[in-house]
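Hello,

I am handing over the structure we talked about. Please look through it first; my notes on what was found follow below.

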Amino acid sequence: LRKAGVKLNDTDCFVQDHADIFLPLSRSASCVAADIISTVEFNSSGELLATGDKGGRVVVFQREQESKSQPQRRGEYNVYSTFQSHEPEFDYLKSLEIEEKINKIKWLPQQNAAYFLLSTNDKTVKLWKISERDKRPEGYNLKDEDGRIRNPSTITSLRVPVLQPMDLMVEATARRVFSNAHTYHINSISVNSDLQTFISTDDLRVNLWNLEITDRSFNIVDIKPANMEELTEVITSAEFHPQHCHTFAYSSSKGSIRLCDMRQAALCDKHCKYFEEPEDPSTRSFFSEIISSISDVKFSHNGRYLMTRDYLTVKVWDLQMENKPLETYQVHDYLRGKLCSLYENDCIFDKFECVWNGSDSVIMTGSYNNFFRMFDRNTKRDVTLEASRENSKPRAILKPRKVCVGGKRRKDEISVDSLDFSKKILHTTWHPHENIIAVAATNNLYIFQDKVN
Amino acid sequence: MEVNAEARRILAVSISKLYASRTQRGGLRLHRSLLLSMVMRSARDIYHSSRECEGPAGAQPASEEPMDTTPNPEEQPGLPEPEPQPALNSTEPAQEESDSSEEDSDTEITEDKENLSPARQSRKRRGKASAAPDFLPSKRARLEPGEERYAAPLGSWRLPGRVEPPPLSLPPSLPPQQRSAEQRAEKKPDAGRKV
């Protein structure tokens with residue numbers, strides 16, 4: 001694969017207020033036309049951005065080095081590598097098709113010249129190595145330049161092959177395949193801070209792997225009841241603590257989070273902390289269980305907080321306080337009265353992700369109509385922005401959007417009934433150090449940045 | 001009653017979703033199935049309690065009758081619909097009658113099920129819904145030799161409540177408790193931890 005410089009929308013950005021005014025930095029053309037992006041993830045330096053899609057492909061973008069000639073232009077993200085990570089499979093034993101859709105991608109921190117990432121579909125996790133090749137050996141004795149074997153009788157002298165420069169090529173190779181460990185559908189993976197192990201999580205189990213060993217994994221959480229008819233909750237996501245290699249958290253469909261310490265026992269069925277907010281009986285409805293199901297859980301970078309996303313809210317939990325969240329943010333509370341319709345059109349099952357910024361001061365999550373929301377934890381201000389082609393013109397500053405919840409609708413507001421529920425932003429990611437965000441809107445990737453003068 | 005109507009609508013929607021999820025690519029999603037069954041249970045409970053308010057409810061089982069693991073290639077092993085959903089029964093083919101009579105301990109019905117004729121107890125569970133909703137294809141169950149087919153009024157979507165039992169008839173040669181061993185064995189408990 002050649003390193004492709006895809007021409008992207010270029011914007012010169014200038015911003016007054018950091019963190020709540022974002023501008024389009026680049027928008028990728030849909031690299032794979034009709035394919036829906038199913039996950040996005042920056043690597044730990046922010047140099048690379050990976051996307052996975054429903055077709056099993058991974059596309060990795062790399063940030064351009066800032067050039068001295070155009071200092072105002074911050075590095076754009078260009079396509080760096082594209083590869084087919086997973087293929088559709090068929091489980092003959094159960095007569096089930098296994099989707100190739102990439103559910104999650106997690107990067108390993110860079111330890112040498114190559115980049116490593118884990119990608120997973122419903123059943124199999126793979127470790128991919130992405131490396132550059134800019135030299136190739138030339139001058140073989142036994143084969144000619146095209147690779148054909150030379151006739152030995154024509155070889156009259158001996159020479160040593162020499163490495164010659166070549167056009168940069170980026171290759172992705174599958175280095176490990178971690179398979180056959182999950183009966184149910186994998187919803188998340190998380191790399192341990194020890195950089196030697198990782199966990200993969202399905203509806204009922206969490207498995208611990210060593211990155212070097214593919215034929216064995218340890219089951220560390222198992223909530224499958226002896227009688228499946230007694231099942232009342234499933235695991236929806238799990239993540240390792242960013243610093244403590246013995247601690248991980250998993251969220252459930254009942255709205256609770258459990259923190260587990262792997263030093264306590266081999267099987268972490270007993271949690272060491274249990275986070276749950278008692279249900280407010282006044283808001284009880286047919287759909288209370290669905291909307292309290294946690295779709296994403298993320299530790300803060302400093303390791304002191306947990307963030308959870310359920311259908312209508314984002315909550316920040318202090319690890320020291322289990323009985324209620326520290327902060328609750330309403331993402332789109334105007335949908336509370338529409339739950340029945342959202343149940344009928346399946347939107348109520350949408351799994352939104354949430355993300356911290358590098359300093360843990362701002363959190364972000366997606367919504368409908370290609371809206372995404374940011375909440376500043378310090379100032380308590382929030383903003384709604386939209387990822388759309390119209391907004392991504394050069395020099396454009398993203399204008400805050402507002403949903404009108406009844407009564408008079410102002411000129412720029414949009415009414416709840418006009419929201420497009422087919423346009424949803426489920427996957428977002430934030431650069432680890434800078435205010436650059438990537439937002440997946442169906443099959444388009446938007447990258448926004450703010451720049452302080 | 002409005003709540004009643006909403007509960008019925010939600011039940012109908014849920015059933016069609018559950019039905020559709022069986023043909024979904026990637027197999028049955030446990031999480032989604034669980035949430036669907038929870039909604040259905042809430043809706044069913046609301047419907048029941050609203051019917052209770054309306055008038056004396058028919059002596060029908062309002063219990064949790066466990067869902068059978070029908071031998072369905074689309075289902076994963078050890079993965080029946082997570083919560084017992086009697087309302088589903090009308091859409092499931094060939095329900096195992098053995099389950100309802102063996103695990104009757106928690107039913108509230110007053111009639112003596114054991115001594116009823118199989119003609120009265122057809123293979124479709126009558127407790128929750130007497131007929132398939134008209135938007136789903138009707139499935140006729142296979143009958144045991146000696147059993148008669150109980151003609152149910154199709155095309156009317158009636159939720160649990162009052163289902164008039166037919167007049168009792170003499171027990172034929174095949175009383176309900178003599179199920180084949182095969183039918184009993186078909187319900188295998190899911191035991192042990194498997195990774």
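Two strands are said to pair when DSSP finds at least two bridges between them. That is the sense used for β16(A) and β17(A), which form a hairpin with six residues between them. Please keep in mind that this is a predicted model.

Strand β16(A) covers residues 235–240, and β17(A) covers residues 247–252. The two run antiparallel and are joined over five bridges. In one of these pairings, Ser237(A) has Ser251(A) of β17(A) as its bridge partner. Six of the six residues of β16(A) are buried, so this strand is largely enclosed by the rest of the structure.

Chain A, Thr365. Thr365(A) is in strand β25, residues 362–366. Is Thr365(A) buried or exposed? Thr365(A) has a relative accessible area of 0%, which puts it among the buried residues. Its side chain makes a polar contact of 2.7 Å with the side chain of Arg309(A). Leaving aside residues up to four places away in sequence, Thr365(A) touches Arg309(A) and several others, including Val314(A), Val331(A), Phe352(A), Cys354(A) and Phe375(A).

Chain B. The secondary structure here is four helices and zero strands, in the order α-α-α-α from the N terminus. Chain B has 195 residues, and 52% of them count as buried. Of its contacts with a separation of 6 or more, 76% are between residues 24 or more positions apart. The chain exposes about 9200 Å², with 54% of that supplied by carbon and sulfur atoms.

Regards

Technical notes:
Residues numbered from 1 in each chain as written. Chains lettered and ligands numbered in written order. Predicted model: local features only at pLDDT ≥ 70, side-chain atom pairs only at ≥ 80, totals over all residues. Heavy atoms only, no water. Buried < 20%, exposed > 50% of the residue type's maximum accessible area, 1.4 Å probe, protein only. Contact = heavy atoms within 4.5 Å. Areas by Shrake-Rupley, 256 points an atom, 1.4 Å probe, with all protein chains shown as cover. Polar contact = N/O pair within 3.5 Å; in protein donor to acceptor, adjacent residues only side chain to side chain.
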